[in-house]
Amino acid sequence: MASSDAQGQRVAVIGGGLVGALNACFLAKRNFQVDVYEAREDIRVAEFTRGRSINLALSYRGRQALKAIGLEDQVVSKGVPMRARMIHSLSGKKSAIPYGNKSQYILSISREKLNKDLLTAVESYPNAKVHFGHKLWKCRPEEGVVTVLGPDQVPRDVTCDLIVGCDGAYSTVRAHLMKKPRFDYSQQYIPHGYMELTIPPKNGEYAMEPNFLHIWPRNAFMMIALPNMDKSFTCTLFMPFEEFEKLLTSDDVLDFFQRNFPDAIPLMGEQALMRDFFLLPAQPMISVKCSPFHLKSHCVLMGDAAHAIVPFFGQGMNAGFEDCLVFDELMDKFNNNLSMCLPEFSRFRIPDDHAISDLSMYNYIEVAFTRIRYHEAVQRWHWQKKVINKGLFGLGSLIAIGSAYLLVQHMPPRPLGFLRRLPWTGTTGYWNRSIGDFWQVPWSH
């Protein structure tokens with residue numbers, strides 16, 4: 001809902017990624033004058049230097065946020081529905097496990113394309129502008145001033161009524177807030193890293209069944225593959241860094257895949273696999289918590305800047321999108337009064353964001369590749385459902401968990417001493433896709 005109260009008020013959104021661009025759309029709809037400062041060049045005209053397309057899984061909560069700004073149908077039309085998981089055993093046997101009934105699925109979407117759509121949406125508002133190649137240098141929230149460095153590297157002060165930090169897990173805005181009294185902060189890296197690989201089309205078609213989340217579970221590591229609109233698959237290999245560090249040559253890589261993912265080699269191609277593996281190093285995964293998310297009426301953090309989470313519950317992007325939606329709802333409630341909205345956003349949102357962070361970390365620690373007894377898995381699943389129903393995640397976000405314990409039968413046996421018996425995590429863990437595909441909530445049409 002737009003409001004004349006916002007006219008003339010300026011908002012500086014730091015970061016033009018997914019959450020920053022989405023937030024800018026919400027704020028522009030309210031008649032704020034919105035300036036987005038993005039350190040990268042415009043990805044719609046510049047080549048991605050990272051070299052690979054990252055896929056995301058869109059859940060109900062993320063979809064609701066896009067719907068609120070009129071982008072839901074556009075984004076959904078560019079995704080590939082995944083109606084089941086396809087488990088690849090070491091022997092090459094494949095087993096399908098549906099998410100639910102035939103009308104239920106999760107959506108594989110391109111992060112790059114989604115970001116481009118959101119940036120274009122921002123620029124469709126006459127009261128919004130995206131400044132590419134502009135990096136935040138200094139932040140003085142209580143004075144309503146940010147200092148940015150443009151392409152000419154000349155510092156420029158910008159005055160604003162609100163600073164919105166959407167600049168990711170290594171947020172510069174958050175770093176400035178950490179200097180303030182009573183601002184709590186913690187971070188934790190996990191031992192595993194991830195690497196993106198590719199399965200190209202075969203004779204112009206998908207090389208595997210397209211409407212599945214493909215999963216290769218292998219004890220301490222795993223690989224998954226998501227379908228793309230261009231008939232390729234984006235693969236992600238999760239593995240401890242110490243294992244990545246053992247693979248020093250092309251022969252090491254090929255031998256590793258022959259032992260662990262033999263059916264993936266002909267799909268990727270030997271030469272392409274050995275080339276792509278060394279294109280970029282394995283990337284780290286970090287969990288970040290902070291509190292509060294705001295500073296008076298001057299500054300607020302959202303997305304990874306406020307709560308970066310490890311990817312083992314599949315709600316990173318979707319939680320960030322929900323931040324934007326909740327903030328917009330609070331702006332409705334308080335008629336764009338920032339001095340009332342920002343404290344309430346912290347009060348209301350921190351418990352949920354810290355909860356999903358904890359659940360994601362618990363899922364990582366549990367590691368799921370254990371010999372936990374099936375009835376215990378079901379008991380823990382019921383416990384999680386009870387927690388969800390009490391309000392940690394509204395909207396019934398664990399529909400998919402019901403069949404999760406079935407995957408244990410596809411895992412090689414592990415020594416009993418490897419069991420981890422946290423009181424509430426169940427058979428969760430590495431099946432869940434770095435950006436949430438395994439644990440994502442299906443929706444019905």
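The model is predicted, so local features need pLDDT of at least 70 and side-chain atom pairs count only at pLDDT 80 or more, while totals for chains, interfaces and linings use all residues. Residues are numbered from 1 along each chain as its sequence is written, and side-chain values use heavy atoms, leaving out hydrogens and water.

Let's begin with the whole protein. Its secondary structure comprises 13 helices and 20 strands; these are DSSP runs numbered from the N terminus, helices being H or I of at least four residues and strands E of at least two. Of its 445 residues, 58% are buried, meaning under 20% relative accessible area with a 1.4 Å probe, protein chains only.

Now to the inside. A nonpolar core is a set of buried Ala, Val, Leu, Ile, Met, Phe, Trp, Tyr and Cys residues joined through side-chain atoms within 4.5 Å.

| Core | Size | Members include |
|---|---|---|
| Largest | 75 residues | Leu22, Val34, Leu118, Phe321, Phe327 |
| Second, separate | 28 residues | Met223, Leu247, Phe257, Phe261 |

Next comes an open sheet of seven strands with mixed pairing, in the order β6-β5-β14-β15-β16-β13-β17; strands pair if DSSP finds at least two bridges between them. Because β6 (94–98) and β17 (283–291) each have a single partner strand at the edges, one side of each lacks a neighbour in the sheet. Strand β13 (residues 184–199) runs antiparallel to β17, joined by eight bridges, and Ser186 stands opposite Lys289 in β17.

Key. Buried < 20%, exposed > 50% of the residue type's maximum accessible area, 1.4 Å probe, protein only.
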